[in-house]
Amino acid sequence: MANVVNQTQAVKPASGKHGNVLPLWGNEKTMNLNPMILTNVLSSPYFKVQLYELKTYHEVVDEIYFKVTHVEPWEKGSRKTAGQTGMCGGVRGVGTGGIVSTAFCLLYKLFTLKLTRKQLMGLITHTDSPYIRALGFMYIRYTQPPTDLIDWYDGFLDDEEELDVKAGGGCVMTVGEMLRSFLTKLEWFSTLFPRIPVPVQKIIDQQMKARPRKVVQKEPQEEEAATTETARQGERRRSRTPRRTPSPRRSPKRSRSRSHHRDKERHGPSFDRELERERDRQRKEREGRDRDRDRGDRGDRDRRRSRSADRNQERRDRRRSRSVSRERRSERREKERDGGDDRSRRKDRDHHKDRATDRDRSRDKKSRADADERRHKDDRDRHREDRKAKRPSRSRSRDRRHKSGGEEKSRKRERSHSRDRDRERERDGERRSHKRSRSKDKSHHQREPSADHGKHSERRRSQSAD
């Protein structure tokens with residue numbers, strides 16, 4: 001208790017502070033928290049239902065005393081980051097979410113209360129629980145300007161009060177070690193603190209190097225207790241039975257009056273039931289996701305196997321087809337070679353045959369030409385002999401033909417003269433009869449034209465007939 005009082009006296013007021021009002025650095029709505037953590041906090045039934053009823057600073061401190069057992073942002077086993085790297089890794093805090101821890105829900109509840117300097121000093125110098133102090137230091141790291149951090153943490157860098165900061169236990173450290181980690185490291189489990197400017201970070205690193213960590217000499221009884229504790233931890237590691245590290249004992253000198261009965265009446269079993277239901281629901285969801293992933297992995301494996309089998313079968317078929325095609329090509333080449341030889345032989349044979357036939361044909365033509373010439377000669381000789389024999393007979397026939405032709409010509413001439421004479425006679429008779437008919441029938445010409453016409457036509461017909 002006296003050590004904590006001395007530390008409160010050693011805390012120096014940071015520059016830029018005026019009165020009891022604390023300045024806020026960064027985003028005034030999100031408290032510079034990771035967006036995923038803030039989203040899970042605001043959607044948590046614990047924050048919306050249970051912490052909504054707490055209206056005062058002292059009620060929130062009592063809630064921290066009874067509920068907080070670690071200062072990690074996620075509950076144990078609620079967030080799986082195995083196999084994630086880069087921006088989706090566990091350090092970045094932007095991968096899959098989980099159940100947000102009670103500590104961070106209460107930390108954001110303190111931010112909604114807008115703490116004063118006096119209230120914040122009460123948190124970091126509290127004597128009942130180291131987790132109340134841890135949340136106060138974390139509130140400073142998230143909300144205060146980077147230039148004031150060293151002034152706030154200066155009197156507590158060698159604090160030896162221990163606390164287990166990991167969900168489920170297994171990471172015990174002192175308050176001083178935790179504050180040095182806040183100042184020198186940007187990561188805190190699966191989240192990030194607000195970034196400190198490079199010039200300010202250089203100043204902080206220089207001060208950390210100039211101020212090495214003090215080693216406090218322990219009493220013999222404390223040394224024996226430490227050795228027994230290390231032996232127990234070694235046995236636990238060997239047996240591989242994880243057991244949670246016991247939280248540090250609360251100070252027996254508590255001036256504040258708390259009642260567990262009052263806490264049970266205020267909260268009751270409903271909150272625990274809701275929290276258990278929420279955890280069961282999220283666990284079932286995770287199990288369902290894991291099953292789906294396993295099914296997907298199995299399906300992918302089966303598909304890969306089937307694809308690999310299909311690919312192997314296709315390769316075999318291709319090889320077989322290639323071998324068959326090669327064999328066919330070789331056979332075709334051999335056949336072509338053999339066929340080429342046969343073709344050349346056949347061509348030679350055909351060529352010889354054609355030559356022989358041409359020779360035979362030429363011989364036949366020559367023989368035929370000779371025979372024709374002989375025939376023509378024989379015919380010519382015969383014709384000449386016939387001509388010589390037919391010359392006197394031809395002269396006789398010509399004389400006979402000449403005589404007969406002269407007689408016929410004379411007959412034709414006589415006939416034509418007789419016809420001309422008859423025609424002249426008929427014409428003279430017609431003229432005479434026509435003159436007579438004109439003189440006699442002038443009066444009757446008009447009355448009987450048709451009869452005269454008929455007579456004339458009859459006369460013409462008779463004349464033509466004659």
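Where is the place of phenylalanine 189? Phenylalanine 189 sits in the loop between strand E3 (187-188) and strand E4 (191-192). The model is a predicted one, and the points below are grouped by topic.

**Backbone geometry**

- Most residues other than glycine have a negative phi.
- Phenylalanine 189, a residue other than glycine, has a positive phi, near 55 degrees.
- Phenylalanine 189 is partly exposed, at 28% relative accessibility.
- Methionine 31 is not a glycine either, yet its phi is positive, at about 60 degrees.
- The loop between helix H1 (2-10) and helix H2 (35-43) contains methionine 31.
- Methionine 31 has a relative accessible area of 1% and is therefore classed as buried, the limit for that class being under 20%.

**Salt bridges**

- Side chains of opposite charge can pair when their charged atoms come close.
- With a cut-off of 4 Å between the side-chain nitrogen and the carboxyl oxygen, the count is eight salt bridges.
- One of them joins the side chains of aspartate 154 and arginine 211, with an N to O distance of 2.1 Å.
- Aspartate 154 belongs to the loop between helix H8 (149-153) and strand E1 (162-164), and arginine 211 to the loop between helix H10 (198-210) and helix H11 (220-239), so this pair ties together parts that are 57 residues apart in sequence.
- Aspartate 154 is partly exposed at 26% relative accessibility, and arginine 211 is partly exposed at 27%.
- Another salt bridge is formed by arginine 180 and aspartate 158, whose closest N and O atoms are 3.4 Å apart.
- Arginine 180 is in helix H9 (residues 175-184) and aspartate 158 in the loop between H8 and E1, so the pair ties together parts that are 22 residues apart in sequence.
- Arginine 180 is buried, with a relative accessible area of 13%, whereas aspartate 158 is partly exposed, with 21%.
- Asp154, Asp158, Arg180 and Arg211 are linked in a network of salt bridges.
- A further salt bridge connects the side chains of aspartate 280 and arginine 283, at 2.7 Å from N to O.
- Both aspartate 280 and arginine 283 belong to helix H12 (residues 260-440), where they are three residues apart, about one turn of the helix.
- Aspartate 280 is partly exposed at 27% relative accessibility, and arginine 283 is partly exposed at 38%.

- Helix H6 (residues 117-124) and helix H7 (residues 130-143) have axes that come within 7 Å and cross at roughly 135 degrees.
- H6 is therefore oblique to H7, since an angle over 145 degrees would be required to count as roughly antiparallel.
- On the H6 side the contact involves Leu120, Leu123 and Ile124, which meet Ile132, Arg133, Gly136, Phe137, Tyr139 and Ile140 in H7.
- By class, the residues of the contact of H6 with H7 are seven nonpolar, one polar and one charged.
- The axes of helix H5 (residues 102-113) and H7 come within 10 Å, crossing at roughly 60 degrees.
- H5 and H7 are therefore also oblique to each other, because angles from 65 to 115 degrees are the ones that count as roughly perpendicular.
- The crossing of H5 past H7 is right-handed.
- In H5, Ala103, Phe104, Leu106, Leu107, Leu110 and Phe111 meet Leu135, Met138, Tyr139, Tyr142 and Thr143 of H7.
- The contact of H5 with H7 comprises ten nonpolar residues, one polar residue and no charged residues.
- Tyr139 of H7 takes part in the contact with H6 and in the contact with H5.

- Isoleucine 204 belongs to helix H10.
- Is isoleucine 204 buried or exposed? At 2% relative accessibility, isoleucine 204 is buried.
- Which residues are in contact with isoleucine 204, leaving aside its neighbours within four places in sequence? These are Pro146, Leu183 and Ile196.
- Leucine 183 and isoleucine 204 are 21 residues apart along the chain, and their C-alpha atoms are separated by 7.3 Å.

Conventions. Residues numbered from 1 in each chain as written. Predicted model: local features only at pLDDT ≥ 70, side-chain atom pairs only at ≥ 80, totals over all residues. Heavy atoms only, no water. Helix = DSSP H or I, 4+ residues; strand = E, 2+ residues; numbered from the N terminus. Buried < 20%, exposed > 50% of the residue type's maximum accessible area, 1.4 Å probe, protein only. Axes fitted to C-alpha atoms, helices over the stretch in contact; angles between N-to-C directions. Parallel < 35°, antiparallel > 145°, perpendicular 65-115°, else oblique. Contact = heavy atoms within 4.5 Å. Nonpolar A, V, L, I, M, F, W, Y, C, P; charged D, E, K, R; others polar. Left-handed = near helix turned anticlockwise from the far one by under 90°.
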